[in-house]
Amino acid sequence: MRLALDEAQRGLEAGEVPVGAVVVRDGLILGRAHNTPVRLADPTAHAEIMALREAGRRLGNYRLPGATLYVTVEPCPMCCGAALHARLARVVYGALDPKAGAVESLYRLLDDARLNHRVEAAGGVLAEECGAVLRRFFEPKRR
C-alpha cells in the first residue's frame, strides 16, 4: 500500500485526483500507476485501470489470476469490473469512497454471487494516510 500511496502522491503533484494503484503477484510488481484522466483526456484512465493495463502488457495476458491490486481508495464500479475481468485474486484498498465505492460503500460487486468470478477484498489499509492525500487535493478546491 505504501507504493500505491507513492503513486497517489505523483498524481497529486500532477494535478490529478490522487489515487494510486499497484498490481502484485508472487511478490513481483506487475504494474503501478496513478490517476491520469485529465492528462490523457480519458475517462477510463483511473489508477486501477492503468496499473492493470501495465500488468497485462507485462505478462502478455489480460487475465491476472493470483494477483492482488492495492489501491488507495475503494474502487468504483468500472474498476471493480476490470478487477473481475482480470480474474484478480484480491483487492486491498485504503479509504472508503462513499460517493462511488463499489466494493462496500454503494455496491458489493466483487463478491456478487450472480457474477462468474469473485474477488477477495480487504479495506481500511492505511485508510487515514490514503484519505489525507485526497483531502490535500480537495480541501483547497472546496474553499
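**Exercise 1.** Which residues in α3 meet which residues in α4?

*Solution.* This is a predicted model, in which local features need pLDDT of at least 70, side-chain atom pairs count only at pLDDT 80 or more, and totals for chains, interfaces and linings use all residues. Residues are numbered from 1 along each chain as its sequence is written, and side-chain values use heavy atoms, with hydrogens and water left out.

Start with the elements: helices are DSSP runs of H or I with at least four residues, strands are runs of E with at least two, and both are numbered from the N terminus. Then look for contact, meaning heavy atoms within 4.5 Å: Glu48, Ile49 and Leu52 in α3 meet Met78, Cys79, Ala82 and Ala83 in α4.

**Exercise 2.** Describe how α3 and α4 are arranged.

*Solution.* Two packed helices are described by the angle between their axes and the distance between the axes. Axes are lines fitted to C-alpha atoms, for helices over the stretch in contact, and angles run from 0 to 180 degrees between N-to-C directions. The axes of α3 (residues 47–59) and α4 (residues 77–85) come within 9 Å and cross at roughly 25°. The two helices are therefore roughly parallel to each other, a term for angles under 35 degrees.

**Exercise 3.** What is the strand order of the open sheet, and which strands stand at its edges?

*Solution.* The 5 strands follow the order β2-β1-β3-β4-β5 with mixed pairing, where two strands pair if DSSP finds at least two bridges between them. At the edges stand β2 (28–34) and β5 (120–122), each with a single partner strand, so one side of each has no neighbour in the sheet. Within the sheet, β3 (residues 68–73) and β4 (residues 90–95) run parallel and are joined by 5 bridges.

Conventions. Angles under 35 degrees count as roughly parallel, over 145 as roughly antiparallel, 65 to 115 as roughly perpendicular and the rest as oblique.
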